[in-house]
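Biologist: I would like to learn how to read pockets and cavities in a protein model. Could you take me through one?

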Amino acid sequence: MSVSSSHNAYLNGEFLPLAKAKVSVLDRGFLFADGVYEVIPAYAGKLFRLQQHLDRLNSSLTAISMKPVMSDRQWADVLNKLIEPRGQSDQSVYLQVTRGAGKNRDHQLPSEYQATTFAMCQAIAADSLDKISRGISAITLDDIRWDWCHIKSVALLGNILLKQQACDQDCTEAILLRDGYATEGTASNLFIVKNNQVITPPKNHNLLPGVTRDLVLELAIKAGISATEREISEQELFDADEIWLTSSTKQIMPVVELNRQAVGNGQLGDVWRQVSTAYSQFKDSLRTQ
Ligand code: PDD
């Protein structure tokens, strides 16, 4: 089945315009945030690190006691059909799976359910990426979120309230602190650079195992830069030469100001330039594949 360009959403087996996609008010995603999601960029019609995103989707589903809703091949087919009519333009694909609608509102997990499977795509705004690459400001905040941050859950109230505190202070992101250590951003993973060494916190329940994070580590190592995964104390964060925040939609954001103080010399870092160039080249190689 071919999908027309007005069909920018997929819901439970059907491609349709986003405005026409409707779910029940009894959907457990709506009532309990009982669901998980992914955000996958597509450059020139090619999904970026699709397998890694689908692997994480399936880990998130397992973590909330749900079964995969379709095979990786079926997901690839659905997502490719969504982006195909949009030609070479860069897109961000959002997908969400919830435990579906019950007969009434009941906290207990149903023994049987019909999952709600949803996806939509929207254009990636190149101008906002350009702005980010000139350097962003961030603040630190206590991480008030729950203990299972490794699950890409749609329960994002903690994340969005923290992000809003950053926005209220004219900052782009908040870097979260837990027990004296920096974990991640509200919608991004954290890296610091000290003495030319790249450091990012290890994967554990305090942070989302970011797909961009893994790629940035791979690219840094390939470029001969020393990179390690270890905890970053609050003090190390403030003493860092460079700070970066990474995500699928924002790529590698250089933080040039933290809590109104310059990070390092307050300029874009040399190591950021190197890794960011490697990231762009990696993306470009995908475009021409
Ligand atoms: N968020 N940590 C958190 C809490 C996130 O929400 C995200 C991404 C990341 C980075 O993960 P990745 O590199 O796989 O995108 C880390 C997406 C983009 C979002 O919620 O829109």
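Biologist: What volume does the second largest pocket have?

Modeller: The second largest pocket has a volume of about 300 Å³. On a 1 Å grid over the protein atoms alone, a pocket is an open set of points with protein on both sides within 12 Å along at least five of seven lines, whereas a cavity is a set of points where a 1.4 Å probe fits but cannot get out; lining residues have an atom within 4 Å of a point. Grid points are joined across faces, edges and corners, and a volume is the space filled by probe spheres set on the points. This is a predicted model, in which local features need pLDDT of at least 70, side-chain atom pairs count only at pLDDT 80 or more, and totals for chains, interfaces and linings use all residues. Residues are numbered from 1 along each chain as its sequence is written, and side-chain values use heavy atoms, with hydrogens and water left out.

Biologist: Which residues lie closest to the centre of the second largest pocket, and which element gives the largest share of its lining?

Modeller: Of its 17 lining residues, Leu129, Ser133, Gln251, Ser280 and Lys283 are the closest to the centre. Helices (H or I, at least four residues) and strands (E, at least two) are DSSP runs, numbered from the N terminus. Here α8 (270-287) gives two or more residues to the lining, as do α4 and β15. The largest share, six residues, comes from α8.

Biologist: Where does the second largest pocket lie?

Modeller: Domain bounds come from an automatic or database domain assignment. Domain 1 (9-124) and domain 2 (129-287) both give residues to the lining of this pocket, so it lies between them.

Biologist: What is the volume of the largest pocket, and how do its lining residues divide by class?

Modeller: The largest pocket has a volume of about 1,000 Å³. Of its 44 lining residues, Tyr37, Val39, Lys152, Ala187 and Thr249 are the closest to the centre. For classes, Ala, Val, Leu, Ile, Met, Phe, Trp, Tyr, Cys and Pro count as nonpolar, Asp, Glu, Lys and Arg as charged, and the others, Gly among them, as polar. The lining divides into 19 nonpolar, 17 polar and eight charged residues. Both domains give residues to the lining of the largest pocket too, so it lies between them.

Biologist: How many cavities of 30 Å³ or more does a search of the whole structure find?

Modeller: The search finds two. The largest holds about 50 Å³ of space, and its lining includes Trp244, Val256 and Trp272. By class, that lining has eight nonpolar, two polar and two charged residues. The second largest cavity has a volume of about 30 Å³, with Phe48, His53 and Tyr279 among its lining residues.

Biologist: Which helix gives the largest share of the lining of the second largest cavity?

Modeller: That is α6 (residues 211-222), with three residues.

Biologist: Which residues of α6 are buried?

Modeller: Buried means under 20% relative accessible area (1.4 Å probe, protein chains only). In α6, Val211, Thr212, Arg213, Leu215, Val216, Leu217, Leu219 and Ala220 are buried. Just after α6, Gly224 takes a positive phi of about 80 degrees.

Note on methods. Buried < 20%, exposed > 50% of the residue type's maximum accessible area, 1.4 Å probe, protein only.
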